[in-house]
Amino acid sequence: MINLTINGLELEVDKGTTILEAAKKLNFRIPTLCHHQDLCVAGNCRVCVVEQVGNRTLVAACATPVTEGMEINTNSLSVRTSRKHIIELLLSEHNADCTKCYKNGECELQSLANEYSVGDHIFLDLIVDHKSMIDMSSASIIKDDSKCIRCLRCVRTCEELQGVHALAVANKGSEQKISSFFDKPWREVICTNCGQCINRCPTGALVERNNIEDVWNAILDPEKHVVVQTAPAVRVSLGEALGFEAGHTVTGKMVSALKRIGFDSVLDTDFTADLTIIEEGTELLTRLKDVLVNKRDDVALPLTTSCSPGWIKFIEHIYPDFLKNVSTCKSPQQMFGALAKTYFAQKRKIDPKNIVSVSIMPCTAKKFEANRPEMRSSGFKDVDFVLTTRELARMVRQAGIDFMRLEDVNYDSIMGESSGASVIFGATGGVMEAALRTAYEIVTGREVPFKNLNIIPVRGMKGVKEASIKIDGCTDEWKFLEGVELKCAVAHGLVNAREVMEKVKKGDAGYHFIEIMACPGGCLGGGGQPIPTNSKIRAKRARAIYDEDMGKPIRKSHENPEIIQVYKDFLGTPNSHKSHELLHTHYKERNRY
Amino acid sequence: MPDQEKLVKELADKHGRKREFLLPILQELVYEKNYLTDESMRYVAKELNISAADVYGTASFYTFLDTELRGKYVIRVCKTISCSMKGKDEILHVICDTLKIDVGETTLDKKFSLLATNCIGWCHKAPAMLINDIPFIELTPSKVTKILQDYIKR
C-alpha cells in the first residue's frame with residue numbers, strides 16, 4: 001500500500017494506482033481527454049496535469065503511478081492556468097464552429113472549454129481551410145480532421161480492441177494527423193465500420209453519417225408507409241440517452257415513442273433474429289450432415305455466424321480464404337428488410353414501392369450493410385435507412401417527446417413477435433445460445449440440458465469463450481450426430497475474432513460453430529450505442545438483456561408463432577428456394593489495407 | 001511475382017518478420033528504390049502481418065523515408081537558420097535554375113529531386129546540402145554548379 005496526500009487529504013491506495021484513480025477515491029475529478037477506461041494510457045493531451053510538490057514540472061495524472069509520501073495538488077493556480085492554456089492550445093488547432101457541429105452539446109472538449117471559461121482567443125487559430133479536411137466517402141463514418149485533437153483514442157481503439165488498425169498516426173509535428181493507409185478515402189480502406197472509434201472520440205472528428213432528415217422526410221410523405229424495426233440491443237441502451245440509468249430496459253416506451261414520431265408500422269428485428277436462428281441452425285445441421293455423412297469436401301466447417309456486418313467486412317479483408325465458412329444467412333436487419341417489402345407488403349396489401357424501411361440499430365456498420373449491392377433481393381433497397389440508437393434518441397428529443405413519462409406500448413403485427421432467444425442476440429454469446437436452444441431440440445427432440453435454458457458457459461465478457469455440448473439421444477433422422485461433441489467458440493471484439501481465426505487457420509481447434517461479434521460485449525456495446533459505453537455500462541446492459549429473455553413467455557426461436565406462420569404462409573421450409581432468394585447472401589474478397 | 005514484392009520478401013527474409021524490423025526494411029527499400037510506393041508498403045504490411053496504415057504511419061513520420069516519387073539523386077538543402085544566414089537561398093536558386101525544378105519537385109527523367117531539409121548538423125560549415133547520403137558543405141554558387149554538373153554526367 002502507498003500513502004500520499006491529495007489537496008491536503010491523506011489516503012492509502014494500492015501500488016500501481018495512478019494519481020487520477022487515487023484522486024477519484026477522494027471525490028476529486030481531474031479532467032481528461034485522451035484517457036479512456038477501455039484503452040491503454042496515452043498521456044498525450046495533458047489536460048489532466050497536476051502539481052506534485054517538489055517536482056519542477058506538472059505531471060499527467062492519468063499516466064503517473066502514485067509513490068510513497070507523494071503530495072499532489074489538483075487545483076493549484078499553476079495547474080488551473082496550465083490546464084486553461086492546454087485547452088486553449090487544443091482549441092487553436094480545432095475547428096470550434098460548435099453550433100454547427102453534430103456533437104454540439106455532447107463534446108468533451110466543448111464541456112472542458114466551458115468548465116474552464118475559455119473565452120478570449122490568446123492563441124492564433126491554425127485551422128484555416130477546414131472544408132477540405134472532411135472525409136464523407138464512407139456509408140457509416142464521417143471523419144473531420146479539422147475537429148481532431150490527436151488524442152489517439154480512435155487509433156488505440158482500432159488497434160487494441162479491434163486489431164484492425166485502419167487508423168494510424170501519420171506525419172509529425174504540426175502536420176501530424178490521424179490517417180488511413182496512404183490517406184486513402186475511408187470507403188476504400190480496411191475499416192470495418194464498427195464505429196467503436198466514434199463511440200470514443202471526445203470531439204466531433206469522428207461521427208456517424210446520420211440519416212435523421214431522410215427519415216423525417218419519409219415520415220412526412222403521405223404516400224409512404226414507413227416501417228421501422230428495432231434491434232435487440234437498442235431497447236436496453238436507448239434509455240441512457242434519454243434520462244434513464246444504464247441497464248434500464250425501455251422496450252415499451254421505445255415503441256410508444258416511435259409511434260408518436262409517426263412511423264406507420266413499428267416492428268421488431270427480434271422477429272427476424274428468430275428467423276435467423278431457424279435458417280442458420282438448419283444451415284449448420286445441413287453442413288454437419290454434408291461433412292459427416294456425405295463426406296463432401298466442398299462444404300466448410302466450422303460455420304461462423306454472419307449477423308455482425310463489422311465482422312463480415314473484417315473477414316472479407318483479412319481472412320478471405322475463410323469466406324466459405326461464413327453462414328450465408330443475411331443478418332436479421334437484412335432479412336427483415338427483404339421480408340418487409342415482400343411478405344409484409346403482401347399481407348398488408350401495400351405496394352412495396354411505397355414502403356420505406358427504416359431500422360434502429362446499435363451499430364454504424366449496419367449503414368454500410370444496408371447499402372451493399374447484394375441487399376436488394378426484394379427488388380428494392382431492402383433497408384432504406386439505418387439509424388443508430390443515438391440518432392433515434394435525437395429524433396425523440398426533436399419530436400419533443402417526454403420519453404421518461406411515456407406509457408408502454410406493444411409492437412405491431414405481423415413481424416413484431418419475438419422469443420427470448422432473439423432478445424439475447426444483443427449480447428455476446430447470445431446467437432450461440434439461441435441457436436443451441438433450437439438446434440439441440442431439433443436433433444434430440446428434447447430441450448438443451450441447461451437449467452432454465454440458460455447456457456451459462458457462452459455468456460459473460462471473456463474475450464473468447466469455448467463450450468461443448470455432447471449430443472445424445474438423437475431422433476432417427478439425426479442418428480449420425482449421436483455422441484458427437486459439438487464444439488463452439490464465441491468471440492467479441494475483432495481482436496478476439498482474430499485470435500479465434502488464427503486457431504481455425506492452424507486447423508487445430510476442431511470447432512463446429514463459431515459466433516463472432518465485431519464489438520466488445522456484442523451489439524450491446526455497438527458503435528452506434530449511447531456515449532459513453534464502457535465495461536461497467538456494458539455489464540449493466542447485458543444484465544438487462546438476460547432479464548428480458550427470462551421474462552419472455554416464449555424462450556425458443558422455433559416456438560415463435562409468427563415464425564411458424566411465415567414458413568407456412570410464405571417461405572415454405574427453412575433453407576427453401578425462396579428463403580435462399582430472400583434471406584441468404586454471398587460475400588466478396590476485399591483488399592488488405 | 002512483381003519486382004517490388006520480390007524485393008520485400010528478400011528483405012523480410014534478411015531482417016526478420018517481427019514488428020521491430022519494419023524500419024530497417026523500409027530504409028533498405030528506400031535505398032534501393034529511392035522512395036516507398038503504395039504497393040511496396042502493402043507488401044511490407046502483408047509480409048510482416050501488420051496493418052498497412054501502420055506501415056504508412058511509420059514511414060510518413062520519418063523525413064528520409066519518402067512516400068512520394070523521388071529521383072535517383074535526392075538533393076536536400078538545409079533550410080535551418082545558420083544555413084539561411086549564410087546564403088541558402090542563393091544555393092537553392094542555382095539548383096532550381098540548373099535542374100529546372102522547384103523545391104519539392106523531381107526532374108522529368110527522374111534523376112533529381114530537390115527538397116529543403118531541417119538541420120543536418122553542418123551549421124559550422126554552412127550552407128550545406130545532402131545528395132542522398134553524401135554531405136556537401138561551405139557551398140557557393142560556383143561550387144554547387146560544379147557538383148551538379150558532375151552528377152548530371154553520371
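Me: In which sense do S13(A) and strand S18 (residues 513-517) of chain A pair?
Reply: In this predicted model, local features need pLDDT of at least 70 and side-chain atom pairs count only at pLDDT 80 or more, while totals for chains, interfaces and linings use all residues. Residues are numbered from 1 along each chain as its sequence is written, and chains are lettered from A and ligands numbered from 1 in the order in which they are written. Strands are DSSP runs (E, at least two residues), as helices are (H or I, at least four), numbered from the N terminus, and two strands pair if DSSP finds at least two bridges between them. A:Thr304 stands opposite A:Ile514 in S18(A), and over two bridges the sense of the pairing of S13(A) with S18(A) is parallel.

Me: Is H1(B) parallel or oblique to H2(B)?
Reply: Axes are lines fitted to C-alpha atoms, for helices over the stretch in contact, with angles from 0 to 180 degrees between N-to-C directions. Helix H1 (residues 3-15) and helix H2 (residues 22-33) of chain B pack at about 135°, with their axes 10 Å apart. Angles under 35 degrees count as roughly parallel, over 145 as roughly antiparallel, 65 to 115 as roughly perpendicular and the rest as oblique, so H1(B) is to H2(B) oblique.

Me: How far apart are the axes of helix H3 (residues 38-48) and helix H4 (residues 52-61) of chain B?
Reply: The contact is made by residues including B:Met41 and B:Val44 of H3(B) and B:Val55 and B:Tyr56 of H4(B). H3(B) and H4(B) pack at an angle of about 120°, which makes H3(B) oblique to H4(B). The distance between their axes is 8 Å.

Me: What pLDDT does chain B average?
Reply: pLDDT is the predictor's confidence in each residue, from 0 to 100. In chain B, 99% of the residues score at least 70, and the average is 95.

Methods:
Two residues are in contact if their C-beta atoms, placed from the backbone, lie within 7 Å.
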